[in-house]
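Open the model in your viewer and keep the sequence panel beside it. The stops below say what to select and what to look for there.

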Amino acid sequence: MLKLEKRPQPSQLWIYLTPLIAVLATMAAGSVLFAFLGKDPVVAIRTIFWDPLFSEFAFYYRPQLLVKGAPLVLIAIGLSLGFRAGIWNIGAEGQYIIGALTGAGVGLAFYPLDAWFVFPLMVIAGALGGWAWAMIPALLKVRFGTNEILVSLMLVYVAEQLLASMSLGLMKNPEGRGFPGSRNLQHYESAHNAELITGTGMHWGVVAAFIAVITAYVLLNRHILGYHIRLTGQAPRAARFAGVVPARLVLFCLGTAGALAGLAGMFEVAGPAGQVSIDFNVGYGFTAIIVAFLGRLHPVGILLAGALLALTYIGGEIAQSQLGLPAAAIQLFQGMLLFFLLAIDVMTNYRLAWQRREVA
Amino acid sequence: MDFGSISPVLLLASLMVAATPLLLAATGELVVERSGVLNLGVEGMMITGAICGFATAVNTGSPLLGMAAAAGGGAALSLLFALLTQFALANQVASGLSLTLFGLGLSALMGQGYQGIKPPPFPELHIPILSDLPFVGGVLFSHDPMVYLGLLICAAIWAMLKYSRAGLILRAVGENHDAAHALGYNVVLIRICAIMFGGACAGLGGAYISLIRVPQWTEGMTAGIGWIALALVVFASWKPERVLLGAYLFGGVTVIQLNLQAAGVAIPVEYLAMSPYLITILVLVIMSADRSRAPGSLGRPFHASS
């Protein structure tokens with residue numbers, strides 16, 4: 001009968017093949033889902049994956065790829081460091097919100113001062129805000145051994161309440177005629193995270209995402225710290241004998257992830273979103289988990305995976321307006337992707353082998 | 001501010017109602033974790049159960065059928081997790097997360113068109129004599145049957161783990177799966193059963209929220225209760241009797257918080273709404289001093305090489 005047999009070495013071929021097969025399998029399962037919802041599956045898949053890039057109106061959608069992809073990549077790079085070392089920060093959504101709040105807070109505090117240093121200060125504040133929010137689970141884990149998964153996740157709900165409180169109270173636009181939400185930072189020259197080249201979608205967040213990818217690549221491949229992260233993930237005991245201090249690694253991984261998520265939030269609130277509002281966060285922090293795994297926790301992989309997931313967001317919006325496909329269908333689609341990836345990943349470490357039944 | 005409007009009978013009675021979804025989900029997850037599997041998908045299974053139960057109850061007019069569908073829905077979703085972790089040997093943390101993401105999307109999709117509908121009411125159980133007792137009757141004996149089912153399941157799990165052979169086997173699998181395998185127990189099968197039980201319980205807990213506690217359907221309505229249930233298992237040191245205590249404690253916090261909101265305390269609503277999550281963190285910090293109680297094989301994948 002068919003049995004799983006452990007490979008002596010993880011298969012290099014399957015490491016690269018798994019994400020591709022997972023994407024194809026998700027497309028297949030997605031087609032079934034779309035057909036079930038009464039939509040033509042071929043049209044739906046084409047609308048999601050082809051139209052944003054190559055259709056008549058692609059000039060409008062292509063910049064969105066950078067706008068939506070940047071926060072995903074930025075957050076996922078941070079998460080991947082921790083995931084590699086077995087440190088599970090799943091509260092990036094909260095760190096993203098807090099980064100946006102602190103970043104926007106600094107910007108709003110300077111309003112209407114016109115000075116070159118406002119935006120850089122906002123960037124620093126955003127990163128610090130996300131970092132501080134991530135330090136809560138990190139310090140609790142280091143000091144008390146508290147589970148960082150649950151604490152970081154609980155803090156997402158706390159951050160959401162804080163966001164609601166801020167957009168209804170402290171940060172509410174005094175000239176907003178009572179509507180919730182802050183001043184629009186897009187109308188405040190010094191704080192606006194504007195497009196660097198008009199019509200490309202390229203803003204400072206995209207630049208930061210590319211820098212993060214390169215830095216993470218160098219860190220993981222050329223730096224002792226990156227080596228320690230990989231070592232801790234693959235052989236925690238050996239890592240301890242080699243002199244790796246787990247506590248320091250926890251602080252570094254969670255802190256970096258928090259700072260990057262905070263940056264993502266700050267660039268979003270100062271640019272594409274424009275203002276602090278109750279429904280500011282759209283789940284990038286959770287989708288980034290899918291991006292990190294789909295990218296195999298590798299910086300370059302994450303870049304590609306981020307682009308793909310951004311595509312599903314954009315294509316999903318097109319499908320929503322043109323085909324009436326519910327937004328939840330896209331959410332489900334993204335969830336399926338992670339499912340298939342994890343399922344097919346078994347082939348990396350195991351192979352199928354025929355084994356005759358024998359007497360034990 | 002008007003504290004006089006808070007009646008102690010109603011407060012304690014609604015405490016039991018608020019605690020029930022937590023109790024159900026946490027008891028289910030406790031069984032899963034005692035079998036050595038960490039399923040982080042409780043939130044996803046709860047919300048799926050919530051919509052399965054809601055849709056079935058609305059379409060059939062029977063809340064009991066709704067509850068059954070919720071348990072079935074939760075168990076079906078947990079089967080996906082079982083496939084991933086037991087056959088594909090995937091990382092349990094990642095699989096649980098994907099289950100939650102998947103469940104949130106699935107429930108949102110299934111819930112299209114169910115917003116703003118009122119589900120059929122659940123029959124209140126009227127126990128003769130007991131329900132008419134002053135104070136005690138109002139607090140303890142005038143609830144819907146699900147409150148008692150939750151208590152019953154928790155007690156049954158306590159008795160099973162403590163006194164029965166099945167409980168012993170489940171604990172053996174959770175403490176040391178290699179030893180259990182060597183003794184001839186089918187580790188994978190036992191774990192799949194535990195995972196599905198956990199899924200069914202989480203589904204019931206979710207449907208309790210959508211059918212009885214709220215009762216209506218809104219996207220993402222479980223709002224982290226599944227995650228609090230996970231924290232509750234840690235709080236309870238993997239013991240059913242302490243899950244009960246924990247669930248009532250958290251039920252109490254929720255109810256007091258809601259009552260304070262209604263009474264118009266000077267604290268803004270958002271900060272009151274944060275409190276259950278902050279208290280969960282606080283409890284986790286206090287409880288994590290003693291980690292010795294966690295099942296030995298918790299979260300480790302099992303692959304029988306021979």
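This is a predicted model: local features need pLDDT of at least 70, side-chain atom pairs count only at pLDDT 80 or more; totals for chains, interfaces and linings use all residues.

Residues are numbered from 1 along each chain as its sequence is written, chains are lettered from A and ligands numbered from 1 in the order in which they are written, and side-chain values use heavy atoms, with hydrogens and water left out.

**Two loops of chain B**

Select B:L89, in the loop between α3 (63–87) and α4 (92–110) of chain B. B:L89 is not a glycine, yet its phi is positive, about 50°. The relative accessible area of B:L89 is 14%, so the residue is buried (buried is under 20% relative accessible area, exposed over 50%, partly exposed in between, with a 1.4 Å probe and protein chains only).

Next select B:S237, in the loop between α10 (225–235) and α11 (240–263) of chain B. Phi of B:S237 is also positive, near 50°, in a residue other than glycine. B:S237 is buried, at 4% relative accessible area.

**The interface**

Show chain A and chain B together. Contact means heavy atoms within 4.5 Å; 42 residues of chain A are in contact with 45 residues of chain B. The two chains bury about 3600 Å² between them, 80% of it on carbon and sulfur atoms. Buried area is the accessible area (1.4 Å probe) that two parts lose on being put together, summed over both. Now select A:L150, A:M154 and A:F339: these supply 19% of the area that chain A buries against chain B, more than any other three residues.

Colour β1 (2–6), α6 (118–144), α7 (148–168), α12 (284–294) and α14 (327–344) of chain A, each of which supplies at least two residues of the side that touches chain B. The largest share, 14 residues, comes from α7(A). By class, this side of chain A has 34 nonpolar, 6 polar and 2 charged residues. Ala, Val, Leu, Ile, Met, Phe, Trp, Tyr, Cys and Pro count as nonpolar, Asp, Glu, Lys and Arg as charged, and the others, Gly among them, as polar.

How many salt bridges are there between chain A and chain B? The count is 0, where a salt bridge is a side-chain nitrogen of Lys or Arg within 4 Å of a carboxyl oxygen of Asp or Glu.

**Salt bridges**

Over all chains, the structure has 4 salt bridges. Select A:R46 and A:D51, whose closest N and O atoms are 3.8 Å apart in one of them. A:R46 is partly exposed at 44%, whereas A:D51 is buried at 12%.

Move to A:K68 and A:E317, a salt bridge with closest N and O atoms 3.9 Å apart. This pair links helix α4 (residues 58–84) to helix α13 (residues 299–323) of chain A, 249 residues apart. A:K68 is buried at 10%; A:E317 is partly exposed at 43%.

Then select A:D345 and A:R296, which meet at 2.8 Å, N to O, in a salt bridge.

**Cysteines**

Finish with B:C154, buried at 5% relative accessibility. The structure holds 0 disulfides over all chains, a disulfide being a pair of cysteine sulfur atoms within 2.5 Å. The closest cysteine sulfur to that of B:C154 is in B:C201, 9.9 Å away and therefore too far for a bond.

Conventions:
Helices (H or I, at least four residues) and strands (E, at least two) are DSSP runs, numbered from the N terminus.
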